[in-house]
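Work through the two exercises below with the sequence and structure at hand. Each solution follows its task.

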Amino acid sequence: MIAQLLLTAMLFAILLYASMTYRQAPIIGFLTVASAFGGLVFVWFPSYATRLAMLVGIGRGVDLILYTWVIISLIMLLNLHLKLRAQMELITLLARKIAIADATRTLKAGNEL
Amino acid sequence: MALPATSDVWVVMGAYNEAKVIADVVADVKSTGHRVVVVDDGSRDDTAQRAQAADAIVIKHPINLGQGAALQTAIDFVLAQGADFIVTFDADGQHRAADIAALLAALKSRKADFALGSRFLGSTVNMPPQRRLLLTAAVWFTRLTTGLRISDSHNGLRAMTRRGASAIHLRQNRMAHASEILHQIAASDLAYVETPVTIHYSAYSMAKGQTLFDALLIILDLFARRLHR
């Protein structure tokens, strides 16, 4: 029961994170929400996990839960990568503004000479 | 049909560590009478000084951002300066300045907003067979993803009108920008033409060229870009 409550708390934290991500990266948000919901179902209804695991050839329900965690981790990693890309875009805009302002100033100074 | 006045045309190039060749490339383009803008993309050598000495207008990125970012910086700058026609040109000496006139003539005579250089309609010098194979695959990929009927998808020599350039907003900083431009041309619904040009492969330009691994990274970059806003 303690493990179930802990996992539920963590999965709820992931759901919260996914809802914050949704605006910037809807696909990632959707995948994270779907995986976290799947995780919640498996935590509270382990028999479903076992049945689904048998269906897809994994064998044990607990392995399926482990795989779900791996999938969630990979999605979070991808999301982190996308956030870094978004940061890079902001840095690019800033660097571009600075570069163009400098060049424009130099060009004007040259024309005034 | 008369070509645009040389004062209306700005030739732009992104350059990263091109000190060996940039002065010759700028001088070649300047001989056509057009204004030249070089975006020094955070080079560690004296690319900027040499381009400036060759009478180019130099914009310096404070850090290395990539060729796509450099081209967008150049486009933003020359649009702000009132450019009517913009030509993008590679800084590694692969292109011939003499081809610029044909691109500009194509814009005028075909009433297009983009004239895209094509080495496969024109000619190549010293192109290795593996490069031809890679570029052919890239053309098919681009045709499938953009719907554009083009013969050369990764040619840095292109001309565009002011209206065309205003429709380009590159967010792919690195090599995927060539595909991104084509996607944006397709999305803009503006007219485009292809024009034969000559690409000259040298040991220097080949060392800076793209490999199969780069092509895979480009596909990943294009895919990742679609995952976030």
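pLDDT is the predictor's confidence in each residue, on a scale from 0 to 100. For chain B its mean is 91, and 93% of the residues of chain B reach 70 or more. The model is predicted: local features need pLDDT of at least 70, side-chain atom pairs count only at pLDDT 80 or more, and totals for chains, interfaces and linings use all residues. Residues are numbered from 1 along each chain as its sequence is written, with chains lettered from A and ligands numbered from 1 in the order in which they are written. The complex has an ipTM of 0.86 and a pTM of 0.81 from the predictor.

**Exercise 1.** Describe how helices α1 and α2 of chain A pack.

Step 1. Helices (H or I, at least four residues) and strands (E, at least two) are DSSP runs, numbered from the N terminus. The helices here are α1(A), residues 2–21, and α2(A), residues 26–44.

Step 2. Their axes (lines fitted to C-alpha atoms over the stretch in contact, with angles from 0 to 180 degrees between N-to-C directions) come within 9 Å and cross at roughly 165°. Therefore α1(A) is roughly antiparallel to α2(A), the term for angles over 145 degrees.

**Exercise 2.** Characterise the side of chain B that touches chain A.

Step 1. Counting contacts (C-beta atoms, placed from the backbone, within 7 Å), 17 residues of chain B meet 18 residues of chain A.

Step 2. Two or more residues each come from β3 (57–60) and α3 (67–80) of chain B. The largest share, four residues, belongs to α3(B).

Terms used. Contact = placed C-beta atoms within 7 Å. Parallel < 35°, antiparallel > 145°, perpendicular 65-115°, else oblique.
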